[in-house]
Amino acid sequence: MEYINRQELARLMADRVDGLSQRLAEAALQAAQECITETLKQGGVVRLNEFGTFSLRRRAARRVLHPRTREALDIPARLVPVFAPAPHLSNQVGVHA
C-alpha cells in the first residue's frame, strides 16, 4: 500500500493541472483544509459530490479500563470528525459495502 503526504499530493495535483505550480497546489490544499475545518467547527457539513462527506459525530460517554492498572476511567462524550465516502468513490476504488 502506498502512502502519500501533503507535499506529494500537491505535486500530483500540479502534474495533472496545466499551469498549476506545486506551490499553488499546496496553497489550495491548505485552503481546502482550513475551509473544511472551519465549517465543521461551526457545526456544518461539507459534502463533495462523488467524493464524500465530512461531518461531526457525537461519541457517547463511556467507561473503560486502563490497560495497565485495570482502573476504571470515565471518558466524556465528545464530537469527532468523520468522513463518509460517496458511493462513486467507493466504486472507483473497488470497495463495496
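Eight bridges join strand β2 to strand β5 (residues 78-85). The two strands run antiparallel. Strands pair if DSSP finds at least two bridges between them. Helices (H or I, at least four residues) and strands (E, at least two) are DSSP runs, numbered from the N terminus. The model is a predicted one, in which local features need pLDDT of at least 70, side-chain atom pairs count only at pLDDT 80 or more, and totals for chains, interfaces and linings use all residues. Residues are numbered from 1 along each chain as its sequence is written, and side-chain values use heavy atoms, with hydrogens and water left out.

Strand β2 (residues 52-59) also pairs with strand β1 (residues 46-48). The sense is again antiparallel, over three bridges. Here Leu48 has Gly52 of β2 as its bridge partner. The hairpin of β1 and β2 has three residues between the strands.

Glu50 belongs to the loop between β1 and β2. Its phi is positive, near 65°, in a residue other than glycine. Glu50 is exposed, because its relative accessible area is 54%.

Arg70 is exposed, with a relative accessible area of 53%. His66 is found in this loop too, between β3 (62-65) and β4 (72-75). His66 has 29% relative accessibility, so it counts as partly exposed. Contact means heavy atoms within 4.5 Å. With neighbours within four places in sequence left aside, His66 is in contact with Glu71 and Leu73.

Ser55 is in strand β2. Its relative accessibility is 18%, and therefore Ser55 counts as buried. Beyond its neighbours within four places in sequence, Ser55 is in contact with Leu40, Val45, Val80, Pro81 and Val82. Ser55 and Leu79 stand 24 residues apart in sequence. In space they are 9.7 Å apart, C-alpha to C-alpha. Ser90 lies in helix α3 (residues 87-93). At 17% relative accessibility, Ser90 counts as buried. Residues up to four places away in sequence aside, Ser90 touches Pro85 and Val95.

The chain as a whole has three helices and five strands. From the N terminus on, the order of elements is α-α-β-β-β-β-β-α. The radius of gyration, taken over C-alpha atoms, is compared with a globule rule of 2.2 Å times the number of residues to the power 0.38. A compact globule of 97 residues would have a value near 13 Å, but the chain has 19 Å. Along the principal axes, the C-alpha atoms fill a box of roughly 60 × 30 × 30 Å.

Of the 97 residues, 14% count as buried. Among the contacts with a separation of 6 or more, 30% come from residues 24 or more positions apart. The accessible surface of the chain comes to about 8,200 Å². Carbon and sulfur atoms account for 54% of that surface. Accessible areas come from the Shrake-Rupley method with a 1.4 Å probe; for residues, only the protein chains shown count as cover.

The chain carries 14 positive and 10 negative charges. Their mean positions are 12 Å apart. Lys and Arg count as positive and Asp and Glu as negative, while His and the chain ends are not counted. The place of a charge is taken as NZ of Lys, CZ of Arg, CG of Asp or CD of Glu.

Definitions and conventions
Buried means under 20% relative accessible area, exposed over 50%, partly exposed in between (1.4 Å probe, protein chains only).
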